Amino acid sequence: MVKEVRWRYVIFHVHSPLNLRVEDLRVTLKKHMRSFLGTYGLSKNPLKLMAYDEVNKVGILKCPHMSLEIIRAALALLSTINDEPLAIHVMKVSGTYKKAKLIASQLARKLKFHWAELEAGMKKPSQATEA
Amino acid sequence: MPKRHYADLHVRVTDEGDPPRLLIKMAKHLGLSLIALSLDDPHKLEDIRSIKGYGREFGVDVAIRVDLKPSSTSELKRCLGKLRRSVEVIGVCCHDTSVARTAARDRRVDVTFYDPENVLSILDEGQLSLLAESGHYVEVNLVDFLHTSPEKQAKALWNYSLALKRVVRRGIPIVVSSGASKIIDMRAPRELYALAFLLLDEKELAREAVSIKPLELVRLNREKLSPNFIQPGVRVVDEW
């Protein structure tokens, strides 16, 4: 039988000097999506935060496969959280949650090594304004 | 199928932003094959040239770009004459109509970009005709949509989507770049593609705007800068 909705699991990485909690991210995403897509847009492109690893800053979002591009664009246009700069980069997209969790844990390990170097060089928001 | 390569044609090097080495590292992390590091101040050109080797080590092709924001048309012409042979890409910020017209007419300019607030008034039929004749690229910078209120973001999206429809109708090439000066504002190619798709509503055009078009522009300009280049289609193959 053909499925009515084909869900996609978007594995993302949060790039921010802040240590975000799951609730902060959930609220920010909800607020941003509501303002970006509107109520009607959200009804056509629903999304749900499935998991977020606060230590490695890697998370999983669930959305219909038809909404993938619009969700990706919406995430790309999200640039602040509580007046602090933030970026969300989509790393991979998976068709099953099981596979998404596996990829997320692999990515977290890989990013930990690579990202530390980048974040070390990244200016904190306070430093950026001082300069 | 060969692997698709992506480029970000507008990564700005400024005093307030992140250092060029960090920008290159981020580009590698995001999966970009080429980035064009742009300078607002042409006097810093020599400092930035050394960074090309660093990019090569990392596997990121680095092109040098200069962004001009002239206050008058004579200033634009003077800068173009001075810089054309020393950088790979020249972009002009078209903040008013007279500068935009001169930039569109001048073949030494590669890319024109606009302020999202007045893009509709500057990119009119006259400007589009000139751009179509000279073969310039129109650039959209993602940073124009960031760090702004939702109302301004919506207005910018509306203005750009209308303006780009006109641009596509005239067959003028479009490039979508980040325009970032900090790594936190840089985006992955698929994210730039998603924005292009949002504005253009056409998958193939959106894909070209982040991969084929910017790569082609840099390749052509490098060819023109090589000592063997005579004119398009003619180059020195051997000397005796």
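Colleague: What makes up the contacts in chain A with a separation of 6 or more?

Modeller: Residues 24 or more positions apart account for 70% of those contacts in chain A, where two residues are in contact if their C-beta atoms, placed from the backbone, lie within 7 Å. This is a predicted model, in which local features need pLDDT of at least 70 and side-chain atom pairs count only at pLDDT 80 or more, while totals for chains, interfaces and linings use all residues. Residues are numbered from 1 along each chain as its sequence is written, and chains are lettered from A and ligands numbered from 1 in the order in which they are written.

Colleague: How many residues does each chain bring to the contact between A and B?

Modeller: Chain A gives 20 residues and chain B gives 23 residues. On the side of chain A that touches chain B, the largest share, four residues, comes from α2(A), a helix because it is a DSSP run of H or I with at least four residues (a strand is a run of E with at least two).

Colleague: Why is the set around B:Leu195 called a nonpolar core?

Modeller: The name applies because such a core is a set of buried Ala, Val, Leu, Ile, Met, Phe, Trp, Tyr and Cys residues joined through C-beta atoms within 7 Å, and buried means that 20 or more other C-beta atoms lie within 10 Å of a residue's own. The largest such core has 101 residues, and B:Leu195 is among those with the most contacts inside it. Leaving aside neighbours within four places in sequence, B:Leu195 is in contact with A:Ala73, A:Ala76, B:Leu142 and B:Val176.

Notes
Buried ≥ 20, exposed ≤ 12 C-beta atoms within 10 Å, placed from the backbone.
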